Amino acid sequence: MSSTTHSVESGAGALATIPAALAVEGLEVAYTVRGIDRAVLRGVSFSIAPGETFGLVGESGCGKSTSAYAALRYLPSNGKILKGRVMVDGNDVTKMTTDELQRFRAKDASMVYQDPAQAMNPTLRVGRQLIESFTLLGQSKQEALSSALEALRKVRIADPARVMDRYPFQLSGGMQQRVVIAMALACDPKLLVLDEPTTGLDATVEAEVLDLVRVLSQESGCAVLLIAHNLGIIRALCDRVGVMYAGKIVEQGPSSQVFDDPQHPYTVGLLRSLPRHGVRKTERALTTIPGILPLIGTSLPTCVFLDRCPIASDTCRTVEPPFVAVGFAGASGVTGERFTRCHHPERIKEMKEEVTQVPISVLAPSETQPNVLELSHVSKTFRQRSVSVPALVDVELGLSEGETLGIVGESGSGKSTLAKAMLGIETVDAGGVVSMGGTAVPSPTGSRSAENKRSMQMVFQNPDSALNRSWSVRRILMRSVEKLTGVKGDEANKRVEALAAHLRLTPRHLDLKPRQLSGGLKQRVAIARAFAGDPRIVVCDEPTSALDVSVQAAILNLLADLQAEQKTSYVFITHDMGVVRYLADRIAVMYLGRIQEVGDTDDVFNGPNHPYTEALLSAIPSVDGEEKVRIRLEGEIPSPANPPTGCVFHPRCPRAIAGVCEVTEPPLREVSPGHSMRCHIPIETLIELQRKPMQR
Amino acid sequence: MSEVLTLAPDATEAPIVSERKQARRENWRLIRKRPAFIIGIVILSFWVVCAVLGSAITPHDPLDFRAGSHLSPRAEFPFGTDATGRDVLSRVMAGARDVLRIAPVAALLGVIFGVILGMMMGYLRGWFDTIASRIVESFLALPVVLIALLAVTTLGRSSWVVIGVVAALFTPVVARTVRSAVLAERDLDYVTSAKLRGESNLFIMFREVLPNVMGPIIVELTVRVGYAVFTVATLSFLGAGPPPPSPDWGAQVSENYNSIISGFWWTVFFPAMAIASLVIAVNLIADSVQSVMEAS
């Protein structure tokens, strides 16, 4: 690293008048894999002031979690710190003895992990674990008990005594994460590290946990390091943000400035690959970042982003870019807060957002042709011992040719069961009919005709699970082509190659095993497999939620292209409102196995909405930083085994009408052509209510 | 612009293709670096050479050599001689043949049947799994050696009977291991995908799932070979092995253990050590295979 770079980076810390709660300086970390050191962090520097929230974003494999673990010396046994310092309160964490480190972790720093269930001991009651974190600090049993109750109250748990008496598995994910946060704050830490704290949670719960973190960090004045891949979360919560790429921070600054006026080509690419501002597939394709993230441990060129950068110059190829201070376009000159690791920040403006694709023509749903897929009175009741659990209740849906039907809802709403019922993986209750092209099809799948199997295929959420890891890509595709189309031998091979080319897989990829491919390539193989028999309908179960945003953009583009060409219909299950808005023509919102609202995408996003949809839409943290009024939902999703009386949403509904909603279940009624919802409130009243932002 | 997920082919080709080869090579390098593996291989190779070449490399004829009876270890007879004056060293070397012929075959058969049973239990679940699991559990509760001895005495002493009995005793143990590995696989989406395109259960079990559970199966096989050596030696000690003139280790120990009291320890000590060394060697190899498999 050049000396100029160094001076700028240490200058970043010196500018702050208060000593930083955490200062990471030139951190280099490597993992030893099969005896070889592979560099993961290549000189990471940042500092967090007391009371400040700092976010690290970037795609998977860029080193953001490693930075957090290294800061608390929680690296796995094969990870080691090669260089750099981690200063907390004047002490270098990298030089601490085991005893000092233990004291540091007990008193000064806490960490909250992605999965709260794994952070707690499943065999001990919540209360005992929480009390333990206080007795460890030297409190007596009695003191610890009252501290624990107080801590739970602090994380907005209404009935702490009852929660203390429960085992972790008896609490919902959101509740578990609150308890974990309460434990983390027990020692009143100077530094709180949150590693993807809401990734496993539903949107409405996520919003609440994020609110909580915001309030608590202000109350306690501790410094917060937040790791997240969701740019919206970072924007909503963080004062400053560092954008990481290939083990380096490439851009750093106040989060609103970084997201509104990015100064590094990578940040620009990241932001552009998100479906934002209500963009639809009919308007344009999403922008992607060309190339792939360099593999961990590979030697990198002068600039880590060089190979994927559209504005790279000869200077970039020969001189390592320094970490330079830049000005914010809106402010006057350099503020001393913003830095980019780029030679040409002034040329960022040249990165035009290309609209390379002609808008995709959408087929008008034809009135004469029967729907390609139709569900009528479809219910599914699981039996657990003698209790019946209704997972789907009287679902009515139609899907026309070339249409994308988005299905949204929180976990447990029955989205996946609905997909399984369509595909015949689950048999539906008597009286329900699944029909394709006007004829009823049987379930399970095995009893369907070859033609029916060919016509409806599925793309799964996780390509690692969906592709047989011991088969080559060629074998995976070959088997599906043979099985679904009936062609064999050379002809099948030709089809496989054509299919692969269509999905932009090179012939070289065909002879690899899935684990040799990146996440995006794996998902392409999975999509290719679904398209092996020219299906009429493809059910996509969160196909991009395991992928990074730039890869997600490419996959969404691909799905839109395939649909435009082949007039395939999609059933698209997702929890990401931005994605569903981009891709879907119609959206169905599910809650407790029932469709609460269904309508054209524009209708659903513009309202009026079912109160549940309204809450769901308001919970999404926006990367654009727009001011939204959050609608808080009280309580948790009830158990499907014991659904509430009347409207199943009434216990959590902020607009419930007393004496009506808890008595009778509203029917799914049409409020405007093609837009139906299951709500007692008259549509005129809903329009009126939703025009004005609700009071908090 | 939408298609650009990959770099130009030239840029990524080399690292991706070589990565897998490299992983395999490095696994091999890792296992070779383990002293336990080297020691195991050296001991095992020694016994394999003895078993293959037999009396061709023994210093004396293992069956018919009339030196003085019960000569203590000395230069000419490093392991001494037994009651009938046969050279113990030659008998120990030649005795490797029986056990090395029977034990691996028995272990392999046990693993094959265990894989079939365990695969069906884990994949089909339902009533088949419930019934088979109970049977497997009851088998595991039986004393192995007693059952084996009973079977050999009723069915006859041939080595095929020993192989069959040991294989049958190992089947439930292997089945249980395979079942739990298959349970983790059957809920993965590639199985659902196979069902969606109409594959038969047989195809899914043995073409889709089996390759993915080979790791634990290979580990199980190496472990089972060790147990088989032990069981076969025990059976022949109890008299279910090959008949007297044979230099089988278990038989030697059982023939001579009375003479320990008279101080002729070498007639029992060396064959017993041979059994121990082979079991230990196989287990050292099994441990190394297991830890390298688990690491990758």
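In the sheet pairing of chain A, A:Ser376 stands opposite A:Val433 in strand S16(A). This is a predicted model, in which local features need pLDDT of at least 70 and side-chain atom pairs count only at pLDDT 80 or more, whereas totals for chains, interfaces and linings use all residues. Residues are numbered from 1 along each chain as its sequence is written, and chains are lettered from A and ligands numbered from 1 in the order in which they are written.

Strand S13 (residues 373-384) of chain A pairs with strand S16 (residues 433-436) of chain A in the antiparallel sense, over four bridges. Strands are DSSP runs of E with at least two residues, helices are runs of H or I with at least four, and both are numbered from the N terminus; two strands count as paired if DSSP finds at least two bridges between them. The open sheet has four strands in the order S14-S13-S16-S17 (chain A), with antiparallel pairing. Its edge strands, S14 (387-399) and S17 (439-440) of chain A, each pair on one side only.

Strand S9 (residues 240-245) of chain A is largely enclosed by the rest of the structure, because six of its six residues are buried. A residue is buried if 20 or more other C-beta atoms, placed from the backbone, lie within 10 Å of its own, exposed if 12 or fewer do, and partly exposed in between. On one side of S9(A) the buried residues are A:Arg240, A:Gly242 and A:Met244, and on the other A:Val241, A:Val243 and A:Tyr245. Strand S3 (residues 53-57) of chain A pairs with S9(A) in the parallel sense over four bridges, and A:Gly55 has A:Val241 as its bridge partner. Strand S10 (residues 248-254) of chain A runs antiparallel to S9(A) and is joined to it by six bridges, with A:Gly242 opposite A:Gln252. Two residues lie between the strands of this hairpin, and A:Ala246 takes a positive phi near 50°.

Helices H17 (residues 473-485) and H20 (residues 519-530) of chain A pack at an angle of about 20°, with their axes 9 Å apart. The axes are lines fitted to C-alpha atoms over the stretch in contact, and angles run from 0 to 180 degrees between N-to-C directions. H17(A) is therefore roughly parallel to H20(A), a term for angles under 35 degrees. The contact (C-beta atoms, placed from the backbone, within 7 Å) involves A:Val473, A:Ile476, A:Leu477 and A:Ser480 of H17(A) and A:Val525, A:Ala528 and A:Arg529 of H20(A).

In chain B, seven of the eight residues of helix H10 (residues 249-256) are buried, among them B:Trp249 and B:Asn256.

Technical notes. Angles under 35 degrees count as roughly parallel, over 145 as roughly antiparallel, 65 to 115 as roughly perpendicular and the rest as oblique. Two residues are in contact if their C-beta atoms, placed from the backbone, lie within 7 Å.
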